[in-house]
Amino acid sequence: MHVLVVEDDQAIASSLTLGLQSAGMTVTHVATGRQAVEESQYDLMLLDIGLPDFDGFEVCRRVRLTSQVPIIMLTARADEIDRVFGLESGADDYVAKPFGLRELIARIRAVTRRLTPQESATSTTVIGDLTIDSATRRVTIAGAEIELTTKEFDLLEYLTREPGVVYRRNDILETVWDTEWYGPTKTLDAHIAALRKKLGHPEWVIAIRGVGFRFEMTS
Ligand code: CA
């Protein structure tokens, strides 16, 4: 596991580097957004938002033009967390500062695990015009590919296992996020909103008040 740490605070970067190395990871550290965008040899990016040249959101946007590499944002403020889970950020997860090394490593492993193809992930699911290829993690509607973040894909894959079946919020959080992490419930809602928008068919993902969600191609 080769982690690219993008952080302009030298003290944080040094302790992050040491901590991740002690967990057996290889670390490259850069301190600017420009350098971050130029790097390509890494498996996961840990991305600070406040950078001297352009911010983490811009880095994320530029990286996503060419790569689906997992990106975990390091956020310092609550309003940043909302933006991380906004529609266009492209980040896969976030860790709020200050964070513990154990928490960070757990989050890295969780994101990585989700990207590792599962046994069932060799099949293609076809529902009407919608095709979900779990092996290549590509989603198309009537042949047109739609770009989903890691979590949006996992969420769609989970909800479409059995169309029409209601999946409970906690089960979705456990499966799509991390069993050890019950994120704020608005995280799920933000991803549902993003997924609906990208699918272009918000009515396919149906909210069951107080229970969860089901996927049904009603149109
Ligand atoms: Ca910073």
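How many residues lie between E6 and E7 in their hairpin, and which residue in the turn has a positive phi? There are 2 residues between the two strands, and glycine 128 has the positive phi, about 60°.

A few notes before the close-ups. This is a predicted model, in which local features need pLDDT of at least 70 and side-chain atom pairs count only at pLDDT 80 or more, while totals for chains, interfaces and linings use all residues. Residues are numbered from 1 along each chain as its sequence is written, and side-chain values use heavy atoms, with hydrogens and water left out.

**View 1. The chain as a whole.** The chain has 8 helices and 12 strands. Helices (H or I, at least four residues) and strands (E, at least two) are DSSP runs, numbered from the N terminus. Of the 219 residues in the chain, 45% are buried. Here buried means under 20% relative accessible area, exposed means over 50%, and partly exposed is in between (1.4 Å probe, protein chains only). Contacts (heavy atoms within 4.5 Å) can also be sorted by sequence separation. Among those between residues at least 6 apart in sequence, 52% join residues at least 24 apart.

View 2. The ion is coordinated by Asp8 (OD), Asp48 (OD) and Gly50 (O), at 2.1 to 2.3 Å. Along the sequence these donor residues follow the spacing D-x39-D-x1-G. Aspartate 8 lies in the loop between strand E1 (2-6) and helix H1 (10-22), and aspartate 48 lies in strand E3 (residues 44-48), so the pair ties together parts that are 40 residues apart in sequence. Aspartate 8 is partly exposed at 34% relative accessibility, whereas aspartate 48 is buried at 5%. Donors are N, O and S atoms within 2.8 Å of the metal (3.2 Å for Na, K and Ca); water is not among the atoms, so sites may look incomplete.

**View 3. The β-α-β unit of E1, H1 and E2.** These three elements make a right-handed unit. Right-handed means that, with the strands pointing away from the viewer, the path from the first strand over the helix to the second runs clockwise. E1 and strand E2 (residues 26-30) pair in the parallel sense over 5 bridges; two strands count as paired if DSSP finds at least two bridges between them. Look for leucine 4, which stands opposite threonine 28 in E2.

View 4. E6 and strand E7 (residues 130-133) share 4 bridges, with valine 126 opposite threonine 131. E7 and E8 form a hairpin too, with 4 residues between them and a positive phi of about 55° at arginine 137 in the turn. Across that pair, isoleucine 132 stands opposite valine 139. On E7, Leu130 and Ile132 belong to the covered face, and Thr131 and Asp133 to the uncovered one.

View 5. Threonine 149 is buried, with a relative accessible area of 8%. Leaving aside residues up to four places away in sequence, threonine 149 touches Gly90, Ala91, Asp92 and Lys198.

View 6. E10 and strand E12 (residues 212-215) are joined by 3 bridges, and arginine 168 has glycine 212 as its bridge partner.

**View 7. The buried side of H7.** In helix H7 (residues 169-176), the buried residues are Ile172, Leu173 and Val176. They cover an arc of only 100° around the axis, which puts them on the same side of H7. The arc is that of the directions from the helix axis to the C-beta atoms.
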